[in-house]
Amino acid sequence: MLARLIPTRVHALMDYTVGVLLIAAPWIFSFADESSAAKWISIIVGVLVIATSAMTNYEGGFLGHAVSMRMHLMADALVGIFLIISPWLFGFADEGANAWLPFVLIGIGELGAAALTNPMPGERSQRAREARRTV
């Protein structure tokens with residue numbers, strides 16, 4: 001089992017940063033004019049990452065807590081897999097590294113964040129550690 005090194009507070013910051021990065025990626029990496037599929041996948045996934053984060057039961061959730069942290073981490077893993085395979089699935093892998101490489105790297109980052117984040121938000125995580133120490 002992997003060590004859960006990333007606290008949910010840090011994960012929340014990473015989520016919003018990745019969401020904004022995905023929305024801006026077509027222009028940052030100059031693939032907006034090369035591939036319509038890459039552009040729209042990047043923008044839509046970025047919006048979904050931000051929306052999911054806003055509804056997650058952790059320090060970054062501000063629209064309610066409808067999504068548990070465990071479900072959020074599973075969604076992050078699925079987003080990571082989707083981003084990694086999307087250049088080949090939607091046919092923009094041949095458009096150049098500037099079109100497909102950001103998807104692969106961000107996807108790998110999403111998988112890593114999902115695997116390494118502590119699924120217990122803030123105070124609950126602290127209470128669990130304290131309970132283990134007293135036993």
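Trainee: I've landed on Asp76, which is found in helix H3. How do you know whether Asp76 counts as buried or exposed?

Mentor: Look at its relative accessibility, which is 5%. Buried means under 20% relative accessible area, exposed means over 50%, and partly exposed is in between (1.4 Å probe, protein chains only). So Asp76, at 5%, counts as buried. Bear in mind that this is a predicted model, where local features need pLDDT of at least 70, side-chain atom pairs count only at pLDDT 80 or more, and totals for chains, interfaces and linings use all residues. Residues are numbered from 1 along each chain as its sequence is written, and side-chain values use heavy atoms, with hydrogens and water left out.

Trainee: Which residues is Asp76 in contact with?

Mentor: Contact means heavy atoms within 4.5 Å. Leaving aside neighbours within four places in sequence, Asp76 is in contact with His11, Asp15, Glu110 and Ala114. His11 and Asp15 are buried residues of H1, while Glu110 and Ala114 are buried ones of H4.

Trainee: What makes a stretch a helix here, and how many helices and strands are there in the protein chain?

Mentor: Helices (H or I, at least four residues) and strands (E, at least two) are DSSP runs, numbered from the N terminus. By that rule there are 5 helices and 0 strands in the protein chain, giving the pattern α-α-α-α-α along the sequence. Of the 135 residues, 39% are buried.

Trainee: What describes two packed helices?

Mentor: Two things: the angle between their axes and the distance between the axes. Axes are lines fitted to C-alpha atoms, for helices over the stretch in contact, and angles run from 0 to 180 degrees between N-to-C directions. Take H2 (residues 36-54) and H3 (residues 69-89): their axes come within 11 Å and cross at roughly 175°.

Trainee: So is H2 roughly parallel or roughly antiparallel to H3?

Mentor: Check the cut-offs: under 35 degrees is roughly parallel, over 145 roughly antiparallel, 65 to 115 roughly perpendicular, and the rest oblique. The angle is roughly 175°, which makes H2 roughly antiparallel to H3. On the H2 side, the contact is made by Ile41, Val45, Val49, Thr52 and Ser53, and on the H3 side by His72, Val79, Phe82, Leu83 and Ser86.

Trainee: How do you know that the length of H2 agrees with its number of residues?

Mentor: The expected span of a helix is 1.5 Å times one less than its number of residues. For the 19 residues of H2 that gives 27 Å, and the end C-alpha atoms are 27 Å apart, so the two agree.

Trainee: What covers the buried residues of H2?

Mentor: H1, H3 and H4 are included in that cover. Among the residues being covered are Ala38, Ile41, Val45 and Val49.

Trainee: And where is the kink in H1?

Mentor: At Leu22, shortly before the proline Pro26, and it is about 40°. The bend at a residue is the angle between axes fitted to the seven residues ending there and the seven starting there.

Trainee: Is Tyr58 buried or exposed?

Mentor: Tyr58 lies in the loop between H2 and H3. Its relative accessible area is 4%, so Tyr58 is buried. Its contacts beyond four places in sequence include Thr8, His11, Met69 and Pro121. Tyr58 and Thr8 are 50 residues apart along the chain, with their C-alpha atoms separated by 6.5 Å.

Trainee: Then why does Glu95 count as partly exposed?

Mentor: Its relative accessible area is 34%, so Glu95 falls in the partly exposed class. Glu95 sits in the loop between H3 and H4, and beyond its sequence neighbours within four places it is in contact with Glu34 and Ser35.
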